[in-house]
Amino acid sequence: MPIAIFDMDGVLYRGAEVMPYARDALQRLRRAKWEVFFATNNSTATRLDYLERLAQLGLGGDLEHIVTSGYATAHYLERRRPKPRDVLVIGADGLREEIRAVGIAVRDASTLPGTHPPPDAAADGVDPSAMRRYLVSLDLPPPADTVVVGLDLHLTYPKIAEAQRAILAGAEFVCSNRDRAYPVEGRLLPGAGTIVAAIEVATGAKALCIGKPEPFLFQEAIRRAGADGRDRVVVVGDSTDYDIVAAHRVGATGVLITTGLTERDTLASASGDAAPDRVIHSLEELFGLPEFAGT
């Protein structure tokens with residue numbers, strides 16, 4: 001059975017806006033007996049959250065056909081020996097929930113040192129040294145044994161400081177993804193890779209990345225489909241550096257759609273594993289590709 005793996009943000013929707021022809025394309029593939037999977041680097045939401053979002057947007061799907069970088073990160077940690085016992089997450093509660101779901105303890109965001117600074121330290125531009133004095137006066141808990149970084153829309157200096165402290169003390173350093181940006185309605189916003197890079201600079205350590213362009217997400221989808229190596233696998237994504245590279249790392253055809261992250265100069269300079277096999281400008285064009293002939 002042929003397998004189609006779709007990135008979500010920027011491919012099927014932007015924020016709350018469904019991309020043109022997304023619903024029709026998915027329905028057409030399912031009618032033609034394709035296995036349709038959804039794979040995203042976004043770690044802010046759980047797979048259940050994504051299932052609800054897909055249903056609300058009229059895109060269909062079920063839990064077994066959704067793979068997220070948060071879910072993949074949790075299962076990477078579960079397989080570690082020794083298994084982590086105390087995880088610090090710089091990210092969203094969706095990432096924390098996925099890790100807790102495999103039986104690993106995760107610190108609550110509200111308990112992280114420096115989360116509740118006094119007004120003089122919290123005020124921007126009033127007394128720049130107040131935050132420093134506050135941080136060095138804190139009673140600190142033992143450092144976490146593992147630091148996991150994902151997209152954190154409420155990132156603060158104290159969070160980076162606590163991640164730095166744990167990593168310098170020997171904590172394993174893992175990130176759900178290195179996305180430089182993600183598309184929303186009308187613009188791009190900074191991605192998790194921005195935060196990962198800041199902590200790497202602060203520590204001199206390199207994070208182990210679980211999400212795309214690493215192959216784990218797509219390998220999981222292929223495994224769930226029961227593919228035997230002869231089945232056709234097509235990945236549809238909006239990034240040469242992430243989706244297309246990951247597609248080629250699992251032997252899939254990489255279809256780049258230009259509705260999301262990709263800019264013309266990025267596409268023109270893409271080479272090696274980052275060079276797409278096919279390029280389309282809308283999901284309607286998908287069915288003009290030879291991989292979908294007769295669908």
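The model is predicted, so local features need pLDDT of at least 70 and side-chain atom pairs count only at pLDDT 80 or more, while totals for chains, interfaces and linings use all residues. Residues are numbered from 1 along each chain as its sequence is written, and side-chain values use heavy atoms, with hydrogens and water left out.

I turn to the overall fold. The protein chain contains 11 helices and 14 strands; these are DSSP runs numbered from the N terminus, with helices being H or I of at least four residues and strands E of at least two. Its radius of gyration is 20 Å, close to the 19 Å that the globule rule gives for 295 residues, so the chain is as compact as a globular protein of that length. Here the radius is taken over C-alpha atoms, and the globule rule is 2.2 Å times the number of residues to the power 0.38. Along the principal axes, the C-alpha trace spans about 70 × 40 × 40 Å.

Of the 295 residues, 52% are buried. Buried means under 20% relative accessible area, exposed means over 50%, and partly exposed lies in between, with a 1.4 Å probe and protein chains only. As for contacts (heavy atoms within 4.5 Å), residues 24 or more positions apart account for 68% of those with a separation of 6 or more.

Next, the empty spaces. Rolling a probe the size of a water molecule over the atoms shows where empty space is left. On a 1 Å grid over the protein atoms alone, a cavity is a set of points where a 1.4 Å probe fits but cannot get out; a pocket is an open set with protein on both sides within 12 Å along at least five of seven lines; and lining residues have an atom within 4 Å of a point. Grid points are joined across faces, edges and corners, and a volume is the space filled by probe spheres set on the points.

The whole structure holds 1 cavity of 30 Å³ or more, and the largest cavity contains about 200 Å³ of space. Among the 20 residues that line it, Asp9, Asn41, Asn42, Asp179 and Tyr182 are the closest to its centre. Strand β9 (181-184) supplies the largest share of this lining, 3 residues, and helix α10 (240-249) supplies at least two. By class, the cavity lining divides into 7 nonpolar, 7 polar and 6 charged residues. In this scheme Ala, Val, Leu, Ile, Met, Phe, Trp, Tyr, Cys and Pro count as nonpolar, Asp, Glu, Lys and Arg as charged, and the others, Gly among them, as polar.

The largest pocket has a volume of about 200 Å³. Helices α6 (128-136) and α7 (157-168) are the elements that give two or more residues to its lining, and α7 gives the most, with 6. Its lining comprises 8 nonpolar, 1 polar and 3 charged residues, including Arg132, Tyr157, Glu162 and Arg165.

What of the cysteines? A search for disulfides (pairs of cysteine sulfur atoms within 2.5 Å) finds 0 in the whole structure. The sulfur of Cys175 has its closest cysteine sulfur in Cys209, at 4.0 Å, which is too far for a bond. Cys175 is buried, at 0% relative accessibility, and Cys209 is buried as well, at 11%.

Arg47, in helix α2 (residues 47-56), is buried at 10% relative accessibility. Beyond residues up to four places away in sequence, Arg47 touches Leu63, Glu64, Ile66, Val67, Thr68, Tyr71, Glu98 and Arg224. Tyr71 is also one of the buried residues of α3, a helix (residues 69-79) that is mostly covered, with 8 of its 11 residues buried.

Finally, the backbone. Most residues other than glycine have a negative phi, and most peptide bonds are trans. The bond from Arg81 to Pro82 is cis, with omega near 0 degrees, and Pro82 sits in the loop between α3 and β6 (87-90). The bond from Lys212 to Pro213 is likewise cis, with omega near 20 degrees; Pro213 lies in the loop between β11 (208-209) and α9 (216-225).

Tyr21, although not a glycine, has a positive phi of about 70 degrees and is partly exposed at 26%. Lys33 also has a positive phi of about 70 degrees, and is exposed at 58% relative accessibility.
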